[in-house]
Amino acid sequence: MTKPNEGRQRIERLEGLIHEVESFSDPAVREHTRGIVQALMELHAAGLDRMLEKIADTGPSGLTLIDDLAADDLVGSLFLLYDLHPQDVQTRVRLALEKARPILQAHGGSVELLGVEDGVVRVRIAGSSGEFAAQTLTLRSAIEEAIYEKAPDVSAIDIECQRQASAIRMALPMTAS
């Protein structure tokens, strides 16, 4: 069984190893190593793509299986690495926000997706409780973690904070004129 964030950790390790290759002093060794990595990536991408096609060809149950696989942290990371994820970034961000919504609501807050453009996610969090300002960092962190878990391919997250006006109206005493 895979652990949470295992896919992300493995990709980070792979990126670190590839970065090390760039520091090799011998340009021929560097190029040869890049060629090996590229050939492996192309082989894996073609194999995964073929498997997904065959699963999809089985019909609705196959499409459900692909969605289930994509929801798995490790497999979803592979799909992202090879640009094969069945859900677009906006859909994955929406799912992440749905996951974070109960945390926000527990603190009297709400979240709204303003948009995803060029890899930048824009959201607005709002709250009306007096504690909302004190909880802002916690809420921001929860949103960022949820988004990066479901959509690690986003380049940035812009979070706008808005305190909602209180819905309570106070009656002003009438003055004599």
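Helix 3 (residues 60-71) buries G62, I66 and A70 (buried is under 20% relative accessible area, exposed over 50%, partly exposed in between, with a 1.4 Å probe and protein chains only). Those three sit on the same side of helix 3, because they cover an arc of only 80 degrees around the axis, going by the directions from the helix axis to the C-beta atoms. This is a predicted model, where local features need pLDDT of at least 70, side-chain atom pairs count only at pLDDT 80 or more, and totals for chains, interfaces and linings use all residues. Residues are numbered from 1 along each chain as its sequence is written, and side-chain values use heavy atoms, leaving out hydrogens and water.

**More on helix 3**
- Helix 2 (27-56) and helix 4 are among what covers the buried residues of helix 3, with contact meaning heavy atoms within 4.5 Å.

**A nonpolar patch**
- L14, I18, L78 and L81 make up a nonpolar surface patch, with about 270 Å² of accessible area together.
- L81, in helix 4, counts as partly exposed because its relative accessibility is 33%.

**The whole chain**
- The protein chain has 6 helices and 3 strands (DSSP runs, H or I of at least four residues for helices and E of at least two for strands, numbered from the N terminus).
- From the N terminus, the order is α-α-α-α-α-β-β-α-β.
- Of its 177 residues, 25% count as buried.

Key: Patches are made of residues with over 30% relative accessible area and no salt bridge: like charges are joined within 9 Å, nonpolar side chains (Val, Leu, Ile, Met, Phe, Trp, Tyr) within 5 Å. Accessible areas come from the Shrake-Rupley method with a 1.4 Å probe; for residues, only the protein chains shown count as cover. A salt bridge is a side-chain nitrogen of Lys or Arg within 4 Å of a carboxyl oxygen of Asp or Glu.
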